[in-house]
Amino acid sequence: MNGQDRSTTLHTKLITTLWDRGDIRSEHIKSAMLGVKREFFIPKLLKLESYIDRPLPIGNGQTISAPHMVAIMAEEMDASPGQKVLEIGSGSGYHAAVVSRSILPGGHLFSIERIGALVKFARRNLDAAGIENVTVIEGDGSLGLTSEAPFDRIYYTCAGPDVPKIVMDQLCDGGKLLAVIGPKYGTQRLIRFTKSGGEVEEEPLSYCVFVPLIGELGY
Ligand code: SAM
């Protein structure tokens, strides 16, 4: 078996495992995850670990998320074709790539990242993976991205103390926001906020561990 066939087999096997475990629950997200090869987002020296279900270092003290966490968050966020999405924390660009496929055709994802080297890394990876509906912006995502608001969906890939009003105001009516709330280090919780008629409903989901949101309204 050549290297390309081997990576396709490992990729398919990983997605089947996530489906069997219930982390992927819909054909929509299954097809989005099958459409993104994680190896494009992994640093050269770790490529062989691309299809192992765990976070991996990507430099600057940051990590690419584990595939099961990307699957769980994509399912809970429930994005649809044509939607406009904001991601706070691009990292490698992998999570953005998966969500960007779930909003095709017509959708666009804006991702904001505070570390310049990772902005370049994510842009390069998304380009190599052939993803065309993601814009990576350098900046402090703790304030959201007012210039492109409102968004149908907003999600954090890093943990903060709360969701500030300035970010919640960037979510449109009927929109959903997934945040990771909790201490800077230790166990945090994934929370889904749904805005409807000016009211915001809050649903606690699974426990998790993410890197901290660093910035003006973060840690
Ligand atoms: N999901 C990403 C992936 O698949 O590669 C990994 C994201 S990583 C766990 C979290 C990212 O959030 C890091 O790249 C970190 O630099 C970024 N981050 C932390 N605070 C931020 C802020 N205020 N604004 C933008 N990005 C931030």
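Which element gives the most to the shell around the ligand? Strand β2 does, with three residues. The model is predicted, so local features need pLDDT of at least 70 and side-chain atom pairs count only at pLDDT 80 or more, while totals for chains, interfaces and linings use all residues. Residues are numbered from 1 along each chain as its sequence is written, and side-chain values use heavy atoms, with hydrogens and water left out.

**Ligand surroundings**

- The ligand is surrounded by 26 residues, where a residue is near a molecule if one of its heavy atoms lies within 4 Å of it.
- The closest of these residues are Ser92, Glu113, Asp140, Gly141 and Ile214.
- By class, the shell holds ten nonpolar, 13 polar and three charged residues; Ala, Val, Leu, Ile, Met, Phe, Trp, Tyr, Cys and Pro count as nonpolar, Asp, Glu, Lys and Arg as charged, and the others, Gly among them, as polar.
- The ligand sits in the largest pocket.
- Two or more residues of the shell come from each of β2 (62–64), α4 (94–102), β4 (108–113) and β6 (151–160); helices (H or I, at least four residues) and strands (E, at least two) are DSSP runs, numbered from the N terminus.

**Atom pairs with the ligand**

- An N or O atom in the side chain of Ser65 is 3.0 Å from a nitrogen atom of the ligand.
- For His95, a backbone N or O atom lies 3.2 Å from an oxygen atom of the ligand.
- A polar backbone atom of Arg114 is 3.4 Å from a nitrogen atom of the ligand.
- On its own the ligand has 610 Å² of accessible area, of which the protein covers 99%; accessible areas come from the Shrake-Rupley method with a 1.4 Å probe.

**The β8–β9 hairpin**

- Strand β8 (residues 188–196) pairs with strand β9 (residues 199–208) in the antiparallel sense over eight bridges; two strands pair if DSSP finds at least two bridges between them.
- The two strands form a hairpin with two residues between them, and Gly197 in the turn has a positive phi of about 55°.
- Thr194 stands opposite Glu201 in β9.

**Backbone features in loops**

- Leu104 and Pro105 are joined by a cis peptide bond with omega of about 0°; Pro105 is found in the loop between α4 and β4.
- Another cis peptide bond joins Ala149 and Pro150, with omega of about 5°; Pro150 lies in the loop between β5 (134–138) and β6.
- Asn60, although not a glycine, has a positive phi of about 55°; Asn60 lies in the loop between β1 (56–59) and β2.

Methods
Polar contact = N/O pair within 3.5 Å; in protein donor to acceptor, adjacent residues only side chain to side chain. 1 Å grid on protein atoms, 1.4 Å probe; cavity = no way out; pocket = protein on both sides within 12 Å on 5 of 7 lines; lining within 4 Å. Sits in = over half its atoms within 2 Å of the grid points.
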